[in-house]
Amino acid sequence: MKKRKLNYRFHNPNPAAETADYLLKILMEANTEKVQSAIQEAAAASDDTKEKLDEGHSA
């Protein structure tokens with residue numbers, strides 16, 4: 001038997017920016033732990049870079 005390809009269509013009366021914001025909120029809720037971890041890693045990397053720069057510029 002031949003497999004049928006699924007085709008989804010959505011009617012979205014909202015503006016594109018509003019839809020993108022809504023999808024972002026949903027995805028962030030679903031991945032809260034991953035988002036928090038990524039933010040913490042980025043902040044730690046930023047702090048490490050700042051410390052290295054500060055070490056090179058001692059007054």
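This passage walks through the fold, the surface and a few single residues of the protein.

The model is a predicted one, so local features need pLDDT of at least 70 and side-chain atom pairs count only at pLDDT 80 or more, while totals for chains, interfaces and linings use all residues. Residues are numbered from 1 along each chain as its sequence is written, and side-chain values use heavy atoms, with hydrogens and water left out.

To start with the overall picture, the protein has two helices and zero strands (DSSP runs numbered from the N terminus, with helices being H or I of at least four residues and strands E of at least two). The accessible surface comes to about 6400 Å², and carbon and sulfur atoms hold 56% of that (Shrake-Rupley method, 1.4 Å probe; for residues, only the protein chains shown count as cover).

Out on that surface, Leu 6, Tyr 8 and Phe 10 make up a nonpolar patch with about 470 Å² of accessible area together. Patch members have over 30% relative accessible area and no salt bridge; nonpolar side chains (Val, Leu, Ile, Met, Phe, Trp, Tyr) are joined within 5 Å, like charges within 9 Å. Tyr 8 sits in the segment before helix H1 (16-30) and counts as exposed, at 62% relative accessibility.

Setting aside neighbours within four places in sequence, Thr 19 is in contact (heavy atoms within 4.5 Å) with Asn 12 and Asn 14.

The whole structure has one salt bridge (a side-chain nitrogen of Lys or Arg within 4 Å of a carboxyl oxygen of Asp or Glu). Asp 21 and Lys 25 form a salt bridge through their side chains, at 3.5 Å from N to O. Both lie in helix H1, four residues apart, or about one turn of the helix. Asp 21 is partly exposed, at 39% relative accessibility.

Terms used: Buried < 20%, exposed > 50% of the residue type's maximum accessible area, 1.4 Å probe, protein only.
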